[in-house]
Amino acid sequence: MEKNISCSFSDLSSNLGISCFIAFITIILVRVIYVIYRTGKPLSKRSPQALSTLIVLGSGGHTAEMINLLLVLQKDRFTPRFFIAAATDNMSIQKARVLESSWADSSGVKGISAEFMQIYRSREVGQSYITSVWTTLVAMVHALWLMIKIRPQVVLCNGPGTCFPLCVIAFIFKVIGIRWSSIFYVESIARVKRLSLSGLLLYKLRIADQFFVQWPQLHRKYPRAHYVGCLM
Amino acid sequence: MGESLDGVKGKRVVFVTVGTTRFDALVKVVDSQEVKDELLRRGYTNLLIQMGRGSYLPTKSTGDDGSLAVDYFTFSSSIVEHLKSASLVISHAGSGSIFETMRFGKPLIVVVNEDLMDNHQSELAEELAERKHLYCARPPTLHLTIASMDLKSLVPYSPGDATPVAKLINRFLGFPED
């Protein structure tokens with residue numbers, strides 16, 4: 001008799017465990033579907049209230065293009081600003097610091113309210129794909145750490161590999177409910193016929209709220225993107 | 001003395017830039033006799049090469065003997081002055097170098113680095129060449145491009161504008177229109 005009772009008790013607890021697990025997975029799935037559905041839908045009209053903004057910089061033309069965009073955004077709407085560049089990319093951080101100092105100078109504000117951070121690269125140019133698996137994991141953990149600290153409301157990026165882990169984490173934050181953010185991706189002007197890998201992933205996975213392309217060829221191939229012409 | 005009878009011989013500088021990259025194939029071909037002869041034939045007097053992280057060192061020349069004066073350097077904090085004083089720019093296909101040069105309205109030959117993996121740079125150079133904003137060349141054919149180029153046929157590039165993106169972003173976030 002006792003044996004039957006203990007058997008049914010362990011059955012009950014394992015059934016309960018399985019049910020909880022299934023319920024958990026279902027909640028996550030429903031939440032993911034809801035986030036994907038809400039992604040890309042404009043936010044409701046707001047009173048002018050500043051939004052914390054994450055700006056992802058990248059080597060090559062990426063930072064120059066990003067600065068070009070920042071120059072036409074109202075600084076008081078996108079503040080505080082957090083700049084992230086790859087660990088080996090000191091020039092981008094330098095350019096961002098120069099921009100912020102010139103803004104501080106012209107508005108007479110003492111000191112700079114922006115923060116500058118560097119993140120481990122998922123993969124260096126030419127690195128083997130096998131070692132890249134490990135470095136990508138390290139980069140993702142580092143990205144998670146930085147994102148937990150920043151929890152931005154707006155994410156601006158334009159293509160470097162560093163932006164993908166950050167955007168994925170922003171998406172996860174939306175799913176879990178840590179922070180709802182609006183993710184804006186502007187594909188680089190150098191991409192005329194094909195999207196970059198970051199761009200392709202963010203487009204296909206519908207992670208970006210708004211996706212901008214600068215050439216008509218890309219607009220034809222990716223109709224959900226906004227064609228905005230050359231920004232440079 | 002060295003000046004022609006009809007006045008002071010003007011300096012016409014060809015500025016070559018590889019940005020922050022290494023592009024030995026371009027530096028080498030620009031330093032070749034073929035290209036230098038062609039540049040002389042087209043009326044240029046000076047060749048200044050910004051060679052970046054490359055390892056090939058060009059041969060300097062004062063140009064006193066009527067040949068092309070050649071000089072080079074690795075990096076400078078800003079190449080703006082060199083761009084402004086150039087009569088012709090030959091550049092690698094980086095978007096930064098391309099747009100900076102076009103901003104100053106300088107005639108431009110873009111040379112694509114064929115040794116780069118996943119050469120997305122060539123897309124931009126080819127598109128702008130199709131729109132006649134610049135000439136596109138490969139290192140082996142650079143001298144031919146120089147010989148046949150008609151700089152007057154180039155169409156000036158009107159600078160782009162980032163405000164449409166700013167408007168869309170602001171509208172999406174619910175900010176009031178300015």
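Trainee: What's the salt bridge count between chain B and chain A?
Mentor: One salt bridge, where that term means a side-chain nitrogen of Lys or Arg within 4 Å of a carboxyl oxygen of Asp or Glu. This is a predicted model, where local features need pLDDT of at least 70, side-chain atom pairs count only at pLDDT 80 or more, and totals for chains, interfaces and linings use all residues. Residues are numbered from 1 along each chain as its sequence is written, chains are lettered from A in the order in which they are written, and side-chain values use heavy atoms, with hydrogens and water left out.

Trainee: OK, and which residues form that salt bridge?
Mentor: R194(A) and E123(B), with their closest N and O atoms 3.0 Å apart.

Trainee: Which elements of chain B give two or more residues to the side that touches chain A?
Mentor: Those are α4 (95-103), α5 (121-130) and α7 (163-173) of chain B. Helices here are DSSP runs of H or I with at least four residues, strands are runs of E with at least two, and both are numbered from the N terminus. α7(B) gives the most, with eight residues.

Trainee: How many residues are in contact there?
Mentor: 28 of chain B with 42 of chain A, contact being heavy atoms within 4.5 Å.

Trainee: And how much area is buried between them?
Mentor: About 3100 Å², with 65% of that from carbon and sulfur atoms. Buried area is the accessible area (1.4 Å probe) that two parts lose on being put together, summed over both.

Trainee: Switching topic: what's the strand order in the chain B sheet?
Mentor: The six strands run β3-β2-β1-β4-β5-β6 in an open sheet, with parallel pairing. Two strands pair if DSSP finds at least two bridges between them.

Trainee: Why is one side of β3 and of β6 left without a neighbour in the sheet?
Mentor: Because β3 (69-73) and β6 (135-137) of chain B stand at the edges, and each has a single partner strand.

Trainee: How many bridges join β2 to β3 in chain B?
Mentor: Five, and β2 (residues 46-50) runs parallel to β3(B). L47(B), for one, stands opposite V70(B) in β3(B).

Trainee: Now chain A. How many helices and strands?
Mentor: Chain A has seven helices and seven strands. Along the sequence, the pattern is α-β-α-β-α-β-α-β-α-β-α-β-α-β.

Trainee: And what does its C-alpha trace span?
Mentor: About 85 × 40 × 40 Å along the principal axes of chain A.
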